[in-house]
Amino acid sequence: MGVKFAIVYSVDGGVGKTTLATAIALEKERVLLIDADWEKADLSALFGAPRRPGWLSGYYGKDVYLHKVKPNIYLLPGFDAAALYQRGDMTDAELFDALFQVLSALPDAVAEERLPVDTIVVDTPKAPQLTWIEKLQRRLKAQAFFIADRRLVVRLADVKMQIYGKYMRYASLVVANMLEKEDEKMPGIKMMNAYLNRVKMPSEYTAEAVHKSLLSNRRNKEAVRMLVRWIKER
């Protein structure tokens with residue numbers, strides 16, 4: 001069986017996309033994480049990766065730093081991609097083209113390096129173009145996890161629901177984050193495949209601390225484990 005791809009995407013920033021990618025990786029293991037959120041590169045910082053050449057350097061044929069989190073969890077940082085994007089030296093479209101080429105080559109690289117991973121999890125920038133998601137699904141057979149905050153559940157009349165609807169059509173699973181207890185009875189909850197309750201995030205900004213806080217809630221733990229099972233069974 002070849003390496004699987006799972007992408008985590010959203011319309012908005014700050015909805016927990018990076019947190020979910022972190023939780024999936026630490027709960028599942030045998031994962032190679034790709035920090036392709038070139039707006040922030042938060043995933044790289046969360047896992048304590050040094051500011052060394054990441055996945056984008058591979059596109060240019062240069063040496064790439066592979067950050068070893070655990071014996072079976074690795075991360076390709078995104079600091080260099082974020083720096084170029086923030087300076088205006090590369091556009092969204094250029095970065096996606098580079099990312100697609102890198103992702104396409106990764107299964108062979110994983111096999112050649114004998115990395116103990118079977119899944120590549122990609123953290124993306126907010127509101128990626130829908131054509132990008134479609135290409136990743138069509139060409140790489142990627143599973144797509146769409147994540148939004150509680151507005152997706154409690155504000156069904158919101159104009160933004162039209163945008164959400166377009167993005168959700170590409171989702172393998174839809175996840176709502178930061179729900180409150182009373183949200184369990186909201187009509188929009190029926191649209192969700194999984195949901196995460198709001199928890200207090202730790203002051204210590206590390207992947208392990210964030211993962212522990214998120215899964216301290218029983219329903220959050222059940223939701224993350226369901227997503228992991230989904231990846232394993234597809």
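This is a predicted model: local features need pLDDT of at least 70, side-chain atom pairs count only at pLDDT 80 or more; totals for chains, interfaces and linings use all residues.
1. **Overall build.** Start with the parts list: the chain holds ten helices and eight strands. Its C-alpha trace stretches about 50 × 35 × 35 Å along the principal axes. For 234 residues, you'd expect a compact globule to have a radius of gyration near 17 Å, and the chain's own value, 17 Å, agrees with that.

2. How much of the chain is buried? Of its 234 residues, 50% count as buried.

3. **Who touches whom.** Take the contacts in the chain with a separation of 6 or more: 72% of them come from residues 24 or more positions apart.

4. **A helix to look at: α9.** Find residues 207–214. Six of the eight residues in this helix are buried, so α9 is largely enclosed by the rest of the structure. The buried ones are Ala207, Ala209, Val210, His211, Ser213 and Leu214. What covers them? The cover includes α1 (17–28), α2 (42–46), β8 (194–197) and α10 (218–233).

5. **Charges.** Count the side chains and you get 36 positive and 29 negative ones, with the centres of the two sets 5 Å apart. Searching the whole structure turns up 15 salt bridges. Three of them are worth a look below.

6. **Asp12 and Arg151.** These two form a salt bridge, with their closest N and O atoms 3.5 Å apart. The pair links distant parts of the chain, as Asp12 is in the loop between β1 (4–9) and α1 while Arg151 is in helix α7 (residues 151–154), 139 residues away. Is Asp12 buried or exposed? Its relative accessible area is 10%, and buried means under 20%, so Asp12 is buried. Arg151, at 27%, counts as partly exposed.

7. **Arg198 and Glu180.** Here the side chains meet in a salt bridge at 2.6 Å, N to O. Arg198 is in the loop between β8 and α9, and Glu180 is in the loop between β7 (173–179) and β8, 18 residues apart. Arg198 is partly exposed at 42% relative accessible area, and Glu180 is partly exposed at 26%.

8. **Arg219 and Glu184.** This salt bridge comes in at 3.0 Å, N to O. Arg219 lies in helix α10 and Glu184 in the loop between β7 and β8, so the pair ties together parts 35 residues apart in sequence. Arg219 has a relative accessible area of 30% and is partly exposed; Glu184 is also partly exposed, at 30%.

9. Finally, salt bridges with shared partners join Asp12, Asp149 and Arg151 into one network.

Conventions
Residues are numbered from 1 along each chain as its sequence is written. Side-chain values use heavy atoms; hydrogens and water are left out. Helices (H or I, at least four residues) and strands (E, at least two) are DSSP runs, numbered from the N terminus. The radius of gyration is taken over C-alpha atoms; the globule rule is 2.2 Å times the number of residues to the power 0.38. Buried means under 20% relative accessible area, exposed over 50%, partly exposed in between (1.4 Å probe, protein chains only). Contact means heavy atoms within 4.5 Å. Lys and Arg count as positive and Asp and Glu as negative; His and the chain ends are not counted. The place of a charge is taken as NZ of Lys, CZ of Arg, CG of Asp or CD of Glu. A salt bridge is a side-chain nitrogen of Lys or Arg within 4 Å of a carboxyl oxygen of Asp or Glu.
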